[in-house]
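Me: Could you take me through one part of this model in close-up, starting from a single side chain and working outward? Keep it chatty, but spell out the cut-offs as you go.

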Amino acid sequence: MVSDAPSAWNAANVVTVLRIAVVPLFAVALLADGGHTVGGRLLATGLFVLAAASDRLDGWLARRSGQVTDLGKMLDPIADKLLIGSALVLLSWLGDLWWWVTVLVLVRELGITVMRFFLLRYVVLPASRGGKLKTVLQAVAISLYLLPLDHLPAFVGVPAAVVMAAAVLVTVLTGLDYVRDAARIRRAAGLPPAAGL
């Protein structure tokens, strides 16, 4: 009997894998010549924006062709976290972003990813609307911080800080929302509160 399930290696998932492959190229561009040259920063910004924008492309391809897969649902947030996490760590490493912002965002992202893996035996937990808004805010904020701000007027840093503050707030709130959803799923599965995670 032939399965009607879409192939895991469809066009949408290939785009997601390519997005993951861009991450090391982005890191090399950002760190080139100490991380504060105009050319290196603009190249890194371009690669980051390209990879972040392709997040919309793979989702569109999957829905348009009816090729939404569990693999894609898992790879997509992982690709997002690799890109966002690498950018945050490197920006903090270069002294352009407070470490507490990076640590807070990464703890939330890694915690939710681990929680998703534990929930796989019951359900694949896809990104929520709030989670998607969080990703967009993070991507916009990081894109602004990646620009060669040392060579731009000082006021350009203000919108970067404002968008980053909004991204951090939404990151925390959506993290709490995912934890609430996980607790509901565990209750529906009849698990005690401390089991399984």
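Reply: Arginine 19 is buried, with a relative accessible area of 1%; buried here means under 20% relative accessible area, exposed over 50% and partly exposed in between, using a 1.4 Å probe and protein chains only. Bear in mind that this is a predicted model, where local features need pLDDT of at least 70 and side-chain atom pairs count only at pLDDT 80 or more, while totals for chains, interfaces and linings use all residues. Residues are numbered from 1 along each chain as its sequence is written, and side-chain values use heavy atoms, with hydrogens and water left out.

What does arginine 19 meet? Its side chain forms a salt bridge with that of aspartate 80, at 3.0 Å from N to O; the term stands for a side-chain nitrogen of Lys or Arg within 4 Å of a carboxyl oxygen of Asp or Glu. This pair links distant parts of the chain, with aspartate 80 in helix α3 (residues 70-93) and arginine 19 in helix α1 (residues 11-31), 61 residues apart. Helices are DSSP runs (H or I, at least four residues; strands are E, at least two), numbered from the N terminus. Aspartate 80 is buried too, with a relative accessible area of 11%.

Now step along α3 to lysine 81. Its side chain meets that of glutamate 109 in a salt bridge, 3.3 Å from N to O. Glutamate 109 sits in helix α4 (residues 99-119), so this pair ties together parts that are 28 residues apart in sequence. Both partners are buried. They also belong to a salt-bridge network that links Lys81, Arg108, Glu109 and Lys134.

For contrast, look at helix α6 (residues 157-188), where arginine 180 and aspartate 177 are 3 residues apart, about one helical turn. Their side chains form a salt bridge at 2.6 Å, N to O. Arginine 180 is exposed, with a relative accessible area of 54%, and aspartate 177 is partly exposed, at 26%. A search of the whole structure turns up 6 salt bridges.

Also in α6 is alanine 182, which is buried at 2%. Leaving out residues up to four places away in sequence, alanine 182 touches Met115 and Leu119, where contact means heavy atoms within 4.5 Å. The C-alpha atoms of alanine 182 and leucine 119 are 7.5 Å apart, across 63 residues of chain.

Finally, how does α6 sit against helix α5 (residues 129-146)? Their axes come within 8 Å and cross at roughly 155 degrees; axes are lines fitted to C-alpha atoms, for helices over the stretch in contact, and angles run from 0 to 180 degrees between N-to-C directions. That makes the two roughly antiparallel, as angles over 145 degrees count that way, under 35 as roughly parallel, 65 to 115 as roughly perpendicular and the rest as oblique. The residues in contact include Leu133, Lys134 and Leu137 of α5 and Val163, Met164 and Ala167 of α6. By class, the contact has 16 nonpolar, 5 polar and 1 charged residues; Ala, Val, Leu, Ile, Met, Phe, Trp, Tyr, Cys and Pro count as nonpolar, Asp, Glu, Lys and Arg as charged, and the others, Gly among them, as polar.
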